[in-house]
Amino acid sequence: MRQFYDQNSRMRRMSVFPQHGTALGTLGLTANEIRQEIENNTSELVTDLVNLSAGARFQAIRSLPMSFNERKTIRNRVNLVKVSKTILPGDCRQQVSRSFRRFRASLASARQHLVVWQDTLKEIGGRFGTSVLSYFLFLKWLLKFNLFSLLINFCFITIPQIVHAPNISNVTRFRGLELLTGVGYFNQTVLFYGGYNGEVIVSTPAYNMQLAYFFTIAAYMVLCGVSLIYSMSRSFQKNFVLETGPAFGGAWRLLCSWDFSVVNEKAIQYNKNNLGIQLKESLSERLQEKNKISLSDRIKRLSLHLLAWLLSLGLALGSSAGIYFLGTDKLTFSFDHNPNDLKAEASTLLLPVVVSLINLIVPLLYSLISKMESYSNPRAQIYIGIMRNIILKMSLLGILCFYWLDFVPSKISCWESFVGQSVYRLLIIDFIFCLLGIFFGEFLRNVIGTMCIQSLGVPEFDIARNVLDLIYAQTLAWIGIYFSPLLPVMQVLKLFIIFYLKKISLSMNCQPPKHTGRAAQIQTVFIALLFFPSYLGALSMVAFTVWRLQPSDQCGPFQGLDTPFYAIFNWIDSIQDHPESNWVWWIFENVLRSELFYYLISLIILVITFFLWQITQGRKQLIKTLREQIVNEGKDKAFLLNKLQNIQKQRREMASYRPQDFDQTPHFNPNWINTLPLDM
């Protein structure tokens, strides 16, 4: 304790002796004597600090009345003295703890550097804001899905098939066209369903390829569903529960909605314009609620909306019907009978090209139709456009799934591989059209808008359209995961290339969208669309294939079974004779095949959903109550300020009527007798 007091006295003495020695200079000391005195005090201070514990030493150095560089110099001297002495056992623990903290900090820093696209995403957010950044984050999120799928499929399905039971026979030579069509050389490889067989690999323990194929695909689909539900709930809580109510109106946008990650001058100006547009939109929405539309105008507007929806649905239905009749053309199946016919192989590209053209042209027609409707609310226009594009894309995929599951199994011997190859072609052609869209839709549009027709200006980065393209491609990947286990390889490569090409095109050709705030707010809608109808539609198709359709007799791991799900029945029957596996048979017979089990599961899910909904409503009510308290606190402060101003005003008025100050000091008047009246 005495050392601590001595150390404090040293610090007080050093605080009196500054660096240039002005205090000692007034005592008549020379410069050398001043430096010597300061050095002596510093040495004594270092000696006292060395004798303290690590925590007390840290606090003492931190409280020194010196500059940062001087405290750093003293700390370094203390560390040198500590190293030169023998480390005591009590200090070993402090040294180990400090080393462990530094090691943990270095690991955290290294982990940040290992994050994929960390610096690139920061650059995009700094130049274009968080709304454009949300597209690239969504792309990165999808990339994680496909990397996970590729990892588990490759480890549990592909590697055992390649190492122990290769199923390659009569493979044709590679001609190059297979990269687009997926047939020919790839027809009997592990890229598609036909490259796998259902043999049990002899090992310890035995490895059943049928069960591995079934459970790997099932586990991936279930995990994707759980992840989507979790992400959707988190996004819903963030964007719909916490950002609702009057507090998020015009004042909130004006005071709290600035994107501080933006550092680029043009992006700052774009954000200013975007903030102004959002304020105008909020005001226009409030005015629309107050303004009453006449009956004739309302009928006219409803008629335009009805006509626009009829045209949109007609385009979607017509496109779907055309795709179905084009798919049933005999030329599509001719390559199955003659695999060396290049013309028949090239004809298989006709269907995916037409599908990609429809996905490119029809949305442009939808934009013209929306201009005819002349929506006064930009948010409604965005949601209507998204809904129509989703209906178009899901209609095309729905009619293709119906064509694959109803017409193809009766016409093709190895129909699962044909479906996998069809999905592969759709992904490849969609990727090619995406590259063409980047070149013609963004690069040439920028050149024309800046050099030829300057009134067009620089094109905007359409977040909604680009995200819908990602959702469409991911739906194809989920649909084809059963028919082509290595299809995520194509999707991973596609997402990697699209990320860098979109980044380059964004920085060179595009400007941030005018309605970025609205696009950022519909992130929950994008996740919901990825879940329904994208994920649920793909899951329904895979489940229908597994439970209802008979697999091919000439290829695949489920040859000779009525349905792929019968592999589970065969496995249960095989382990029934083993006493140690009776619990598995009991669970399958009494739980998984029981309607009561699924009824209870559904009931539990409904109860949990009800409780979560009540929690959400409670949080909404709590947030509403807190906002009301904030408003009341503001009113109380305003009332107190008014009272304070009134009191100050009254005091100023009283001060203005106060008489002049006079001397109230008592004193003695020697002629006081003369002041008395004469008649006394």
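1. I391 is partly exposed, with a relative accessible area of 29%; buried means under 20%, exposed over 50% and partly exposed in between, with a 1.4 Å probe and protein chains only. I391 belongs to helix α16, where helices are DSSP runs of H or I, at least four residues, numbered from the N terminus. Leaving aside neighbours within four places in sequence, I391 is in contact (heavy atoms within 4.5 Å) with W309, L313 and A316. I391 and S312 are 79 residues apart in sequence, and their C-alpha atoms are 9.1 Å apart in space.

2. On the source: this is a predicted model, in which local features need pLDDT of at least 70 and side-chain atom pairs count only at pLDDT 80 or more, while totals for chains, interfaces and linings use all residues. Residues are numbered from 1 along each chain as its sequence is written, and side-chain values use heavy atoms, with hydrogens and water left out.

3. S320 lies in helix α12, residues 295–327. S320 counts as buried because its relative accessible area is 7%. Beyond its neighbours within four places in sequence, S320 is in contact with S395, L396 and I399.

4. Helix α7 covers residues 118–164 and spans only 40 Å between its end C-alpha atoms, whereas a straight helix of 47 residues would span 69 Å at 1.5 Å a residue. The expected span is 1.5 Å times one less than the number of residues. A kink of about 135° in α7 is centred on G129; the bend at a residue is the angle between axes fitted to the seven residues ending there and the seven starting there.

5. The largest nonpolar core has 110 residues, of which Y135, W404 and W478 touch the most other members. The largest share of this core, 15 residues, comes from α7. Such a core is a set of buried Ala, Val, Leu, Ile, Met, Phe, Trp, Tyr and Cys residues joined through side-chain atoms within 4.5 Å.

6. The largest cavity has a volume of about 80 Å³. A cavity is a set of points on a 1 Å grid over the protein atoms alone where a 1.4 Å probe fits but cannot get out; lining residues have an atom within 4 Å of a point. Grid points are joined across faces, edges and corners, and the volume is the space filled by probe spheres set on the points. The largest share of the lining of the largest cavity, 4 residues, comes from α17.

Methods. Helices (H or I, at least four residues) and strands (E, at least two) are DSSP runs, numbered from the N terminus. On a 1 Å grid over the protein atoms alone, a cavity is a set of points where a 1.4 Å probe fits but cannot get out, and a pocket is an open set with protein on both sides within 12 Å along at least five of seven lines; lining residues have an atom within 4 Å of a point.
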